[in-house]
Amino acid sequence: MKNQILFYLILTFIFLPIAAVLGFFGLFALMGELANPAFLLGVFMLACIVIYTYTSFTFFSKAILRKTICKPSLRDWIKVNAYVSIAFAVLSLLKGFSYCSSAARQKQGLDQGLAMASQPPMPARFQRP
């Protein structure tokens with residue numbers, strides 16, 4: 001049991017700086033996304049990941065390490081943000097799979113672009129002065 005707690009403690013302190021960096025980038029993304037509200041879903045999901053990391057750390061430090069009773073609202077925060085984080089992970093995996101499956105189409109587009117770039121230049125009389 002002691003080894004598991006130590007493992008989770010180390011893992012928690014690895015995830016906290018990552019969540020802080022994600023939160024920092026999320027603030028900058030929020031400023032840019034206010035101009036185009038259609039992209040606010042990504043910022044919302046990023047904020048949920050940061051909130052989930054923080055609330056999980058709070059639960060771990062209070063309930064597991066200090067053995068105190070946490071408020072039920074903390075459990076609700078963890079639950080809701082976990083659902084959104086799982087949805088974000090699934091969407092990211094689907095995007096990655098679609099990217100890998102379209103590698104043949106990307107190679108074909110790259111070959112076409114290289115073929116167009118290797119064509120001889122236009123004669124001087126057709127170019128702009």
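Colleague: Is K67 buried or exposed?

Modeller: Happy to start there. K67 sits in the loop between α2 and α3 (72-101), where helices (H or I, at least four residues) and strands (E, at least two) are DSSP runs, numbered from the N terminus. Buried means under 20% relative accessible area, exposed over 50%, and partly exposed in between, with a 1.4 Å probe and protein chains only. K67 has 71% relative accessibility, so K67 counts as exposed.

Colleague: Before going on, what kind of model is this, and how are residues numbered?

Modeller: It is a predicted model, in which local features need pLDDT of at least 70 and side-chain atom pairs count only at pLDDT 80 or more, while totals for chains, interfaces and linings use all residues. Side-chain values use heavy atoms, leaving out hydrogens and water, and residues are numbered along each chain as its sequence is written, from 1.

Colleague: What is the phi of K67?

Modeller: Most residues other than glycine have a negative phi. K67 is not a glycine, yet its phi is positive, at about 55 degrees.

Colleague: How are α1 and α2 oriented to each other?

Modeller: Their axes come within 8 Å and cross at roughly 150 degrees; axes are lines fitted to C-alpha atoms, for helices over the stretch in contact, and angles run from 0 to 180 degrees between N-to-C directions. Angles under 35 degrees count as roughly parallel, over 145 as roughly antiparallel, 65 to 115 as roughly perpendicular and the rest as oblique. So α1 is, relative to α2, roughly antiparallel.

Colleague: Which classes make up the contact of α1 with α2?

Modeller: Ala, Val, Leu, Ile, Met, Phe, Trp, Tyr, Cys and Pro count as nonpolar, Asp, Glu, Lys and Arg as charged, and the others, Gly among them, as polar. By that scheme, the residues of this contact are 19 nonpolar, four polar and one charged.

Colleague: And how is α2 oriented to α3?

Modeller: The axes of α2 and α3 also come within 8 Å, crossing at roughly 135 degrees. Because of that angle, α2 is, relative to α3, oblique.

Colleague: How far apart in space are I18 and V50?

Modeller: I18 belongs to helix α1 and is partly exposed, at 44% relative accessibility. In sequence, I18 and V50 are 32 residues apart. C-alpha to C-alpha, their distance in space is 8.8 Å.

Colleague: What volume does the largest pocket have?

Modeller: Here a pocket is an open set of points on a 1 Å grid over the protein atoms alone, where a 1.4 Å probe fits, with protein on both sides within 12 Å along at least five of seven lines; lining residues have an atom within 4 Å of a point. The largest pocket is lined by 15 residues, with T12, F15, Y52, T53 and S56 nearest its centre. Grid points are joined across faces, edges and corners, and a volume is the space filled by probe spheres set on the points. For this pocket, the volume is about 390 Å³.
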